[in-house]
Amino acid sequence: MDRRAFSFSMLGLIASAATARAQSFAFLDYTQDALDKAYDQRVWASNASEVIARYTTDSASVRKRFPPRTERYGNGQAETLDIFAPEGAKGLPVMVFIHGGAWRALTREDVSAPAPTFVQNGCLYVALNFDNLPVVRLPDMADQCRRALIWIGKNIANFGGDPDKIFISGHSSGGHLAAVLLTTDWHALGAQADIIKGGVVMSGMYELYPVLLSARSSYVKLSPAEIAALSPMRHLNRIDSNVIVVIGEKESPEFRRHSAEFATALAGMGRLAQRVELAGKNHFEVPEALNDAKTDISKAILKMMKD
């Protein structure tokens with residue numbers, strides 16, 4: 001091999017080694033491919049489509065049996081919410097649920113199924129609606145949820161709810177948004193500082209930096225400042241209510257890591273009400289546990305709302 005050929009060969013090896021190093025350390029010990037899969041729950045749940053279809057059919061059935069009041073919290077077409085309340089409701093605790101869907105799918109009509117668990121146990125259930133990506137950006141979605149909660153605080157008494165007993169919950173990307181609400185400076189928005197009395201975050205993401213290193217960055221576009229603002233792990237000092245953290249046993253390793261680290265931080269603050277792992281459940285099956293008032297997680301949530 002002549003000197004020129006040797007030089008090109010060495011350059012190729014160096015470039016290959018650099019590429020291999022970059023692939024090996026996309027984040028923690030994940031290659032880029034592994035990180036992408038760790039943020040794609042369908043890789044870990046072969047029945048994803050079937051379960052998501054159940055969200056819609058089960059919710060449609062509930063909406064027939066318990067017709068909700070649909071109200072508007074803003075001027076945008078999607079800025080609505082469904083209120084499920086017992087007959088003659090007055091001064092009852094309120095559970096507000098934020099749907100998931102990777103920030104780009106589902107609506108309030110897909111998360112009606114848990115309503116009977118709350119309505120039949122002396123609580124109100126409110127399903128939020130908001131614009132999904134790419135109609136709006138993620139910061140706009142968070143702002144819509146905040147405005148919805150402020151509206152609920154001001155108006156829920158008219159529907160039989162207690163404005164001093166509002167709880168927030170959400171699953172997947174809705175779990176992230178619920179955690180964003182838990183870490184919001186409500187006083188700065190002109191609302192009651194302790195508007196949220198407790199939270200339930202299910203299968204969420206609580207630090208967006210690694211999320212934006214994954215393939216999700218193809219449709220979630222955020223500046224470094226926005227990543228910081230919308231990462232609940234960076235604003236733990238704003239949490240002043242107890243939180244239940246829920247995860248499925250069969251979820252992806254990254255979602256399990258998020259759950260574990262968020263729960264550990266909350267425990268250190270004295271704000272972890274309970275950490276629940278749903279045995280044998282994948283990511284998409286987790287919120288279905290709320291459809292039955294007899295499950296351990298439903299019992300824990302109802303107890304938190306009534307204590």
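Author: Gladly, and let's begin with helix H10 (residues 296-306), whose buried residues are Ile-297, Ser-298, Ala-300, Ile-301, Leu-302, Met-304 and Met-305. Please keep in mind that this is a predicted model.

Reader: What covers the buried residues of H10?

Author: The cover includes helix H4 (115-119) and several strands, among them E3 (92-98), E5 (161-171), E6 (198-202), E7 (242-248) and E8 (272-278).

Reader: Why is Ala-78 called buried?

Author: Its relative accessible area is 13%, and buried means under 20%. Ala-78 therefore counts as buried.

Reader: Where does Ala-78 lie, and which residues is Ala-78 in contact with?

Author: You will find Ala-78 in the loop between strand E1 (69-72) and strand E2 (80-84). Leaving aside neighbours within four places in sequence, Ala-78 is in contact with Tyr-73, Asn-129, Phe-130 and Asp-131.

Reader: Which residues meet where H5 and H6 pack?

Author: From H5 come Leu-138, Met-141, Ala-142, Cys-145, Arg-146 and Leu-149, which meet His-176, Leu-177, Val-180 and Leu-181 in H6. By class, this contact has 8 nonpolar, 1 polar and 1 charged residues.

Reader: What makes H6 mostly covered?

Author: The count tells you: 10 of its 10 residues are buried. Among them are Ser-173, Gly-174, Gly-175 and Leu-182.

Reader: How do you know which residues touch the most other members of the largest nonpolar core?

Author: Membership asks for buried residues joined through side-chain atoms within 4.5 Å. Of the 65 residues in this core, Trp-103, Leu-128, Leu-149 and Ile-152 touch the most other members. H5 gives the most to the core, with 9 residues.

Reader: What does Trp-103 touch?

Author: Not counting residues up to four places away in sequence, its contacts include Leu-138 and Met-141, His-176 and Leu-177, and also Met-205, Leu-208, Arg-216 and Val-220. Another core, of 28 residues, lies apart from the largest one, and Phe-66, Met-95, Phe-118 and Met-304 are among its members.

Note on methods:
Residues are numbered from 1 along each chain as its sequence is written. This is a predicted model: local features need pLDDT of at least 70, side-chain atom pairs count only at pLDDT 80 or more; totals for chains, interfaces and linings use all residues. Side-chain values use heavy atoms; hydrogens and water are left out. Contact means heavy atoms within 4.5 Å. Helices (H or I, at least four residues) and strands (E, at least two) are DSSP runs, numbered from the N terminus. Ala, Val, Leu, Ile, Met, Phe, Trp, Tyr, Cys and Pro count as nonpolar, Asp, Glu, Lys and Arg as charged, and the others, Gly among them, as polar. Buried means under 20% relative accessible area, exposed over 50%, partly exposed in between (1.4 Å probe, protein chains only).
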